[in-house]
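Colleague: I'm new to this one and would like a close look at a single part of it. Could you pick a stretch, walk me through it and then show me what sits around it?

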Amino acid sequence: MIRIQRNSACLSIYAFIENRLVELGGPDRLTYDGIVDIIAETIGVKRAKLHVPVWLMKHPIWLMQRVMRRPPMTLDQLAMLPVRNYPGLDTVQALFGFEPQPVAGNIDFVKKVSRLDGLKIALGV
């Protein structure tokens, strides 16, 4: 069973509903850069982004998988980055009868994540 609040902001959720896989998403199609921009704006910081080719990240991520209990990225996740995968924009409305809220303006909870918490998350601790 899946519980979704009417005011929830979700990026993308995969759910099994009546024995079928359903992709759920919010009202906006966001790129990874777009998600980073929204989070940075929400917490009031400006961050430069460095775009690194996927192939260049394979060895560092392989190493992270070997030495970290919960690495922030896996090789499987890395392989999915170049794939454009957008959930249907009307799926939530059709299945649950309400419009999901956009991520921007609805993730104030990220302000409560301390630098120490962020470091722990990044290190997989």
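Modeller: What follows is a walk along helix α2, with the chain as a whole as background.

Before we start, this is a predicted model, where local features need pLDDT of at least 70 and side-chain atom pairs count only at pLDDT 80 or more, while totals for chains, interfaces and linings use all residues. Residues are numbered from 1 along each chain as its sequence is written, and side-chain values use heavy atoms, leaving out hydrogens and water.

To get your bearings, there are five helices and two strands in the chain, and read from the N terminus they come in the order β-β-α-α-α-α-α. Both kinds of element are DSSP runs numbered from the N terminus: helices are H or I with at least four residues, strands E with at least two. Of the chain's 125 residues, 18% count as buried; buried is under 20% relative accessible area, exposed is over 50%, and partly exposed is in between, using a 1.4 Å probe and protein chains only.

Now for α2 itself. It covers residues 54–67, 14 residues in total. From first C-alpha to last it reaches 20 Å, close to the expected 20 Å, a figure that is 1.5 Å times one less than the number of residues. Even so, α2 has a kink of about 25°, centred on Pro 60. The bend at a residue is the angle between two fitted axes, one for the seven residues ending there and one for the seven starting there.

Look next at Trp 55, which lies in this helix. Trp 55 is exposed, at 62% relative accessible area. Together with Leu 50, Val 52 and Leu 56, Trp 55 makes up a nonpolar surface patch with about 470 Å² of accessible area. The areas come from the Shrake-Rupley method with a 1.4 Å probe, and for residues only the protein chains shown count as cover.

Finally, glance at Gly 124, in the segment after α5 (115–123). Gly 124 is buried, at 4% relative accessible area. Beyond its neighbours within four places in sequence, Gly 124 is in contact (heavy atoms within 4.5 Å) with Met 68, Arg 69 and Arg 70. The C-alpha atoms of Gly 124 and Arg 69 are 6.3 Å apart, though 55 residues separate them along the chain.

Terms used: Patch = residues over 30% accessible without salt bridge, like charges linked within 9 Å, V, L, I, M, F, W, Y side chains within 5 Å. Salt bridge = Lys/Arg side-chain N within 4 Å of Asp/Glu carboxyl O.
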